[in-house]
Amino acid sequence: MDREERLWTIGEVVNRLREQFPDVTPSKLRYWEKAGLIRPRRTHGGHRLYCPMDVERLALILNLRARHRLPLPVVRAMLDRLEEDPALNMGAVEALLQVLQESEGEKLVALTAEEAARRAGIPLERLQRMEALGLLPSGESGGERRYDLEDVALMRVVRDLEAMGITCQNLAFYVRLVRAQVRHDVALYAPLVGDLDTDAERIGRFRELHRLIQTLTGLLYRKYVRQALMRRWLRRATRSSSR
């Protein structure tokens, strides 16, 4: 690596987290380690050392436990999902959490179309329309399509957008946009993570790159939206004053 990774002791981590989570204690961190939710490194003397990814993971555990009151099996399922996909953002996490909470810890995998539509609260015909427009991408080919937790969350988000007047046809634009961004990001990130030694380091670098890019695009989006809305409002005000 280009620089030595920063590591913290258990006491230092507790002090860092206590500003946001006053109830955090070293015993909680040890308990979660025993439960398999966190895996800190150890010195030769057996002392725990936590890297930035560990601290981020602990903050998420505390948030899930304190804010959402989730049982440990559901927390573990969410952490596993995040490990599978380092690009998962908090908006998506919230959508997945809602489905997880309602499932009461039941694993939502290999659902039929009818089961998934029922979980999402939509008619089967709407699921089929979403799928045809690419709003429910599938990595599988052949056989009967099955659906999982993330598919149900996607269906619910589209359902909520449609309730606000945005159609699936409107959303097809975002499917094309996301596909183009994925192609671009994969080509951009791959050389930047390939020189790292471990999966943990690669995931950490990917997550940090993705976070910064998302921050950049979010700020740019806000500025361009404000400019576009201001131009529209000015045109409307000009037309009104000329009458």
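1. **Ground rules.** This is a predicted model, where local features need pLDDT of at least 70, side-chain atom pairs count only at pLDDT 80 or more, and totals for chains, interfaces and linings use all residues. Residues are numbered from 1 along each chain as its sequence is written, and side-chain values use heavy atoms, with hydrogens and water left out.

2. **Helix α1 and its partners.** Contact here means heavy atoms within 4.5 Å. The buried residues of helix α1, which spans residues 10-18, are Ile-10, Val-13, Val-14 and Leu-17. Seen down the axis of α1, these buried residues fall within an arc of 100°, so they line one face of the helix. The arc is taken from the directions from the helix axis to the C-beta atoms. As a reminder, an α-helix has 3.6 residues a turn, so residues three or four places apart point the same way. Throughout this note, buried means under 20% relative accessible area, exposed means over 50%, and partly exposed lies in between (1.4 Å probe, protein chains only).

3. **Overall layout.** The chain holds 10 helices and two strands, in the order α-α-β-β-α-α-α-α-α-α-α-α along the sequence. These are DSSP runs numbered from the N terminus: helices are H or I with at least four residues, and strands are E with at least two. Of the 243 residues, 33% count as buried. Among contacts between residues at least 6 apart in sequence, 56% join residues at least 24 apart.

4. **Glu-162.** Glu-162 counts as buried, at 19% relative accessibility. Not counting residues up to four places away in sequence, Glu-162 touches Arg-126, Arg-129, Thr-167 and Cys-168.

5. **Leu-133, another partner of Cys-168.** Leu-133 sits in the loop between α7 and α8 and is partly exposed, at 25% relative accessibility. Leaving aside neighbours within four places in sequence, Leu-133 is in contact with Cys-168, Gln-169, Ala-172 and Val-175. The C-alpha atoms of Leu-133 and Arg-176 are separated by 10.0 Å, and the two residues are 43 residues apart along the chain.

6. **Cysteines.** Cys-168 is buried, with a relative accessible area of 0%. Cys-51 is buried as well, at 6%. The disulfide count is zero, taking a disulfide as a pair of cysteine sulfur atoms within 2.5 Å.

7. **The Arg-145 and Glu-131 salt bridge.** A search of the whole structure finds eight salt bridges, each a side-chain nitrogen of Lys or Arg within 4 Å of a carboxyl oxygen of Asp or Glu. One of them brings together the side chains of Arg-145 and Glu-131, at 2.6 Å from N to O. Arg-145 lies in the loop between α7 (124-132) and α8 and Glu-131 in helix α7, so the pair ties together parts that are 14 residues apart in sequence. Arg-145 counts as buried at 18% relative accessibility, whereas Glu-131 is partly exposed at 27%.

8. **Other salt bridges.** Arg-146 and Glu-144 meet through their side chains at 3.5 Å, N to O. Here Arg-146 is partly exposed at 33% relative accessibility, while Glu-144 is exposed at 54%. Asp-160 and Arg-159 form another salt bridge, at 3.1 Å from N to O. Asp-160 is partly exposed, with a relative accessible area of 39%, and Arg-159 is also partly exposed, at 23%. Elsewhere, salt bridges that share partners join Glu-33, Arg-42 and Arg-48 into one network.

9. **Surface.** The chain exposes about 16,000 Å², with carbon and sulfur atoms supplying 55% of it; accessible areas come from the Shrake-Rupley method with a 1.4 Å probe, and for residues only the protein chains shown count as cover. Leu-229, Met-230, Trp-233 and Leu-234 form a nonpolar surface patch with about 410 Å² of accessible area together. Patches are made of residues with over 30% relative accessible area and no salt bridge, joining like charges within 9 Å and nonpolar side chains (Val, Leu, Ile, Met, Phe, Trp, Tyr) within 5 Å. Of these residues, Met-230 has its place in helix α10 (residues 199-241) and is partly exposed, with a relative accessible area of 44%.
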